[in-house]
Amino acid sequence: MNKLSMNTKEIELTAKWFTTVTNDLLLLLNQEGQIEYINPSFERAVQYSLSEIKNKSYLTLVHDQDREHTLEHMELLKKDQFIPFINRHKRKDGTYYRLHWVMAAISESGYTQAVARPIEYSNNDGKAISARTWYNSFYDYSGEAAHMFDLEGRVIAVNTAFEKLFGWTAEEMVGEILQIIPPDRQYEFDQAKEQVLNGSRIVNFQTFRMKKDGTVFPVSVTYSKICDDEGKIVALSAIVKDLTELVNTQKILEQQSEFMIEQEKLLHNISDNINEIVGLYDIQMGKYLYISPSYERVWGSDLQELYKDSNAIFDTIYAEDIHKARVFFQTPCDSAKELEYRIVTNSGEVKWMRTKMTPVKDNDGTVIRHLSISQDISTLKETEQLIKKSDKLGVVGQLAAGIAHEIRNPLTAVKGFLQLLNQETKTKYADIILTELERIEFIMNEFLMLAKPHEEMKMEEKSVTDVLKEVITFMSPEAILNQVEIITEFTDKPLMVICEEKQLKQVFINLIKNAIEAISSGGQIVVRTMIKSNGFICIEVEDNGVGISKERVERLGEPFYSSKEKGTGLGLMVSFKIIENHNGTVEISSEEGHGTTVKILLPIVK
Ligand code: ADP
Ligand code: MG
């Protein structure tokens, strides 16, 4: 046998010796819960010797009020679970002694082994050793900052988690007034204390506490009372949960959702206020998920109709464009596409629209939605057409300058020789040839008018009324011949403009001539003048003739665009050019079968 090792007997003796000297209270119960053994510390604490209480049921030693939860803990022990707890024990002198059970287990043979420590709490001496023991053991089981204070607010005990959280050590705190209440929370704390003293428990009360360094932070506190043997409240215990992180997370979440709401608002603001119409169309549902309100502004039709039936849009599309619009809107697209088309608004106005469509795909790459942005491009189209027209005028003008001269010179010679020939031979065709030659000359002169540079014009201040009166007098015979009445509605105000009189006359002649030609037999032409508020005078030539179709109106002013057998298609083009040179504008509105109004605006001279 090894010299240094103990035999079983010796081990047993040593163990026994330990039980007699330790301050811990040791208890052994048999399977029936009767006391089998208590150590000397236990004997001292409860004032009974082992022989006096051996084989008595343990529970008879426990305070009536503590029996139930003691039993609960004993039941838990059978399931191998132990949770430290406190109960009160009867003493021989009739008083009670508080024990804090820190360890217990059931042996293989079914005996209950348990270790307890005494809690002796004295109101006069907050720094009692027992309180320290209490804090060391029980409180440290909890990861949360726990502390205990008497009714005056003096700290009896704090645990390690408390020291860590608040930055105070137990040595600094115990016996001192609790210094973790922020001044502005003192009243609230006093109230809470009052409530606990009146018997309520306060659980997870949200407030603020202060660290040693003065930092104030959010917490939740649970208060409970601690009673003495007679049931008198002698102290309060509190468990403090630090909410800093929770509050921070919440704040971030709040900020995040605020941010989202802001973003959403912003998006709505944008789509509600831009003139472009944004639409989101779901292919499967065959419905619009969103259409911006600007739709009503541009289309002039009800937004709800389109939500109800996405095909309602085709009712608004210009007849000629419906086919391409159907193809465009109804074929799912794989990549972005674009279409220009015309719509007729509720008020009958024709607008040019451009829609850009982009596919929206899901995670698998399947196109599930269409995002479309539509734009009113009417003004854009107008300028585009104007540019096209003036381009043509420009080219024609240049050509005209060259060709007109080249033709006019030989023409003069031809005319001269023809007249000479006529005198000599008296041919009957000479007159016809001469009229045709005059027509050629007329066309050439018109051409030259186009080509004439701006600077060469002799601009003078003239009364438009006078110019118009002269033209009408000059045109009257032709009007009468065609049974057309010319009515004048002139403003009394002087209408002075800077102009080249001859050119302006040319314009009025062209317009009145066209009007007469538009009236096949019997009709009226109204020539009106007025002053506009924007510094322009307005001259209107209105007829009740055949009118012009929509497509043709757009092409007016193009050279050689004539519907007449003997027409040149130059009159309007020349007129446009002249008015343009006078810094004015020409506007033609017409309704087929009802008549035409040509409106000329010229800047007034003050
Ligand atoms: P022309 O008179 O030689 O045909 P214009 O340039 O003067 O050439 O006119 C071009 C075309 O515009 C005409 O052929 C006609 O079809 C149309 N037009 C012009 N004025 C009128 C009008 N007042 N009413 C109907 N159609 C018109
Ligand atoms: Mg004409």
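This is a predicted model: local features need pLDDT of at least 70, side-chain atom pairs count only at pLDDT 80 or more; totals for chains, interfaces and linings use all residues.
Residues are numbered from 1 along each chain as its sequence is written, chains are lettered from A and ligands numbered from 1 in the order in which they are written, and side-chain values use heavy atoms, with hydrogens and water left out. A cavity here is a set of points, on a 1 Å grid over the protein atoms alone, where a 1.4 Å probe fits but cannot get out; lining residues have an atom within 4 Å of a point. A volume is the space filled by probe spheres set on the points, with grid points joined across faces, edges and corners.

The largest cavity contains about 120 Å³ of space. It is lined by 13 residues, and those closest to its centre are Met-74, Leu-77, Phe-85, Thr-112 and Ala-114. Which elements build this lining? At least two residues each come from strand S1 (25-29), helix H4 (64-78), strand S4 (96-106) and strand S5 (112-118). These names follow DSSP runs numbered from the N terminus, where helices (H or I) have at least four residues and strands (E) at least two. H4 has the largest share of this lining, with four residues. Sorted by class, ten of the lining residues are nonpolar, three are polar and none is charged. In this scheme Ala, Val, Leu, Ile, Met, Phe, Trp, Tyr, Cys and Pro count as nonpolar, Asp, Glu, Lys and Arg as charged, and the others, Gly among them, as polar.

Next, look at ligand 1. There are 20 residues around ligand 1, and Asn-514, Ser-562, Ser-563, Lys-564 and Leu-572 come nearest. A residue counts as near when one of its heavy atoms lies within 4 Å of the molecule. Helix H16 (501-518) and helix H18 (571-581) each supply at least two residues of this shell, with H16 giving the most, four residues. The shell divides into seven nonpolar, nine polar and four charged residues.

What holds polar contacts with ligand 1? A polar contact is a pair of N or O atoms within 3.5 Å; within protein, one must be able to donate a hydrogen and the other to accept it, and residues adjacent in sequence count only if both atoms are side-chain atoms. A side-chain N or O atom of Asn-514 is 2.9 Å from an oxygen atom of ligand 1. For Asp-543, a polar side-chain atom lies 2.9 Å from a nitrogen atom of the ligand. In Lys-564, an N or O atom of the side chain is 2.8 Å from a ligand oxygen. Taken alone, ligand 1 exposes 530 Å², of which the protein buries 91%. Such areas come from the Shrake-Rupley method with a 1.4 Å probe; for residues, only the protein chains shown count as cover.

Finally, let us visit a few single residues. Thr-529 is part of strand S19 (residues 523-531). Is Thr-529 buried or exposed? Its relative accessibility is 4%, so it counts as buried, a word that means under 20% relative accessible area, with exposed over 50% and partly exposed in between (1.4 Å probe, protein chains only). A polar atom of the Thr-529 side chain lies 3.0 Å from the backbone nitrogen of Thr-491.

Most residues other than glycine have a negative phi. Gln-47 is not a glycine, yet has a positive phi of about 65 degrees. Gln-47 sits in the loop between helix H2 (40-46) and H3 and is partly exposed, at 31% relative accessible area. Asn-204, also not a glycine, has a positive phi of about 50 degrees. Asn-204 belongs to strand S8 (residues 202-210), and with 40% relative accessibility it counts as partly exposed.

How values were computed. On a 1 Å grid over the protein atoms alone, a cavity is a set of points where a 1.4 Å probe fits but cannot get out, and a pocket is an open set with protein on both sides within 12 Å along at least five of seven lines; lining residues have an atom within 4 Å of a point.
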